[in-house]
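Here are a few notes to read alongside the model. Take them in order, with the structure open.

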Amino acid sequence: MSSENLQFTPLHDTHVSLGAKMVDFGGWDMPVSYGSQIEEHHAVRNAVGMFDVSHMLNIDVSGAGSFDFLRHVLANDVARLTVPGKALYSCMLNPEGGVIDDLIVYFFAPDNWRLVVNAGRAGVDVAWLQAQAQQEGPGQVVITPRHDLAMIAVQGPHAREKVWNVRSGLKTQTESLTPFTAVFIEPDFMVARTGYTGEDGFEIVMPATQVVAFWNDLLAQGVKPCGLGARDTLRLEAGMNLYGQDMDETIQPAQAGLAWTVSFKDEARDFIGRQAISQDPKRNAFMGIKLNERGVMRSHMKVRTELGEGEITSGTMSPTLGFSIGFARLPEGVQAGDPVQVELRGKWLPATLCALPFVRHGKPLVS
């Protein structure tokens, strides 16, 4: 995409002024790092870092038919959400069972919900949701993309403390939040205890007009700005999928290790994609993999197992572990601990399959 067609978050000028290296990410001009990606990664694991995630889109879903609508368009069942503020991770599927997007849905009332969707899929998601909503009848479901909002993710062991330091009034309203729960402080100011790093922290949604001041106040508290590079190594260590690499519209959830996000409990619930994944399931194993020699695994590299070939979907060098890790889509029947080989630049190097995640709350689970 040419630079004149790139989109900018409200923090774009702030990133540039901090010396960030900017890259095209799904049509957005985003910071990949502010100097050292490794330092940013370790800051989140050991202390605190912050990410501009304003490129992700908040979508409000309202109206009397919202509950039934979301039970139909999402593979996970929002009926599980009974306490206001609780959130659920889900895939949104097409009729073939392929993943249109993976997202978080927040419940506030039976006629008041919020979705947070991936930046590169936002336009597709809105069009899909609006098309489905039109079938519900006039006024039953209203889809409202919130382009007026911005979002910062503050992540790490000291994340909540730093947020409370910059906005002391938030402590009483957010201290009791449990993981995957959110609260509205003001009509357009939401704090959620969620994230994409495997660490504790907050994702804070606010009017775009307020985000630069909030970012700068966190900066003054010593919160380290972090870019997409650290975000990728952190999510990989935490075993979290990335849309477009680990799944897409041709991949069913089970093929990406996401069978747990699909609810079949209510046999009467006819969610989009249910018939396809029930009657024509696509099968493979999806596992972690660690490289046993020097080198860095990347997506699309071939993996050779005793049961046949597969491929790396995501790969990186793990700053926490000190060796290369990745996710792999492989033949059914392989197991954690199996020795395999990965093709790097024409050579087959030894590797080992692993259960996910690699790191939990800063603690290595794989050695």
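Which elements cover the buried residues of α2? Read on for the answer, after a word on the model.

1. Ground rules. This is a predicted model, in which local features need pLDDT of at least 70, side-chain atom pairs count only at pLDDT 80 or more, and totals for chains, interfaces and linings use all residues. Residues are numbered from 1 along each chain as its sequence is written, and side-chain values use heavy atoms, with hydrogens and water left out.

2. What sits over α2. The cover includes β2 (28-33), β3 (49-52), β9 (149-155), β13 (224-225), α8 (228-237) and β20 (359-360). Helices here are DSSP runs of H or I with at least four residues, strands are runs of E with at least two, and both are numbered from the N terminus. Helix α2 itself spans residues 37-46, and its buried residues are Glu-40, His-41, Ala-43, Val-44 and Arg-45. Buried means under 20% relative accessible area, exposed means over 50%, and partly exposed is in between (1.4 Å probe, protein chains only).

3. α2 against α8. Two packed helices are described by the angle between their axes and the distance between the axes. For α2 and α8 the angle is about 50° and the axes are 8 Å apart; the axes are lines fitted to C-alpha atoms over the stretch in contact, with angles from 0 to 180 degrees between N-to-C directions. The two helices are therefore oblique to each other (under 35 degrees is roughly parallel, over 145 roughly antiparallel, 65 to 115 roughly perpendicular, and the rest oblique). On the α2 side, Gln-37, Glu-40, His-41, Val-44 and Arg-45 meet Gly-229, Ala-230, Thr-233, Leu-234 and Glu-237 of α8, where contact means heavy atoms within 4.5 Å. By class, that makes 3 nonpolar, 4 polar and 3 charged residues (Ala, Val, Leu, Ile, Met, Phe, Trp, Tyr, Cys and Pro count as nonpolar, Asp, Glu, Lys and Arg as charged, and the others, Gly among them, as polar).

4. α5 against α7. Helix α5 (residues 159-166) and helix α7 (residues 211-220) have axes that come within 9 Å and cross at roughly 115°, so this pair is roughly perpendicular. Lys-162, Val-163 and Val-166 of α5 meet Phe-214, Asp-217 and Leu-218 of α7. That contact has 4 nonpolar, no polar and 2 charged residues.

5. Arg-235, buried or exposed? This arginine lies in helix α8 and counts as buried, at 0% relative accessibility. Beyond its neighbours within four places in sequence, Arg-235 is in contact with Tyr-196, Met-240, Asn-241, Leu-242, Gln-245, Asp-246, Ser-314 and Phe-327.

6. Glu-203. Look for Glu-203 in strand β12 (residues 201-207); its relative accessible area is 9%, so Glu-203 is buried. Leaving out residues up to four places away in sequence, Glu-203 touches residues including Tyr-106, Met-151, Ile-152 and Met-190.

7. Thr-82, by contrast. Thr-82 is in the loop between α3 (66-73) and β5 (87-93) and counts as exposed, at 61% relative accessibility. Its C-alpha is 8.9 Å from that of Phe-108, 26 residues apart along the chain.

8. The record. In the model, residues 11-265 are 27% helix and 29% strand, while residues 286-359 are 0% helix and 57% strand.
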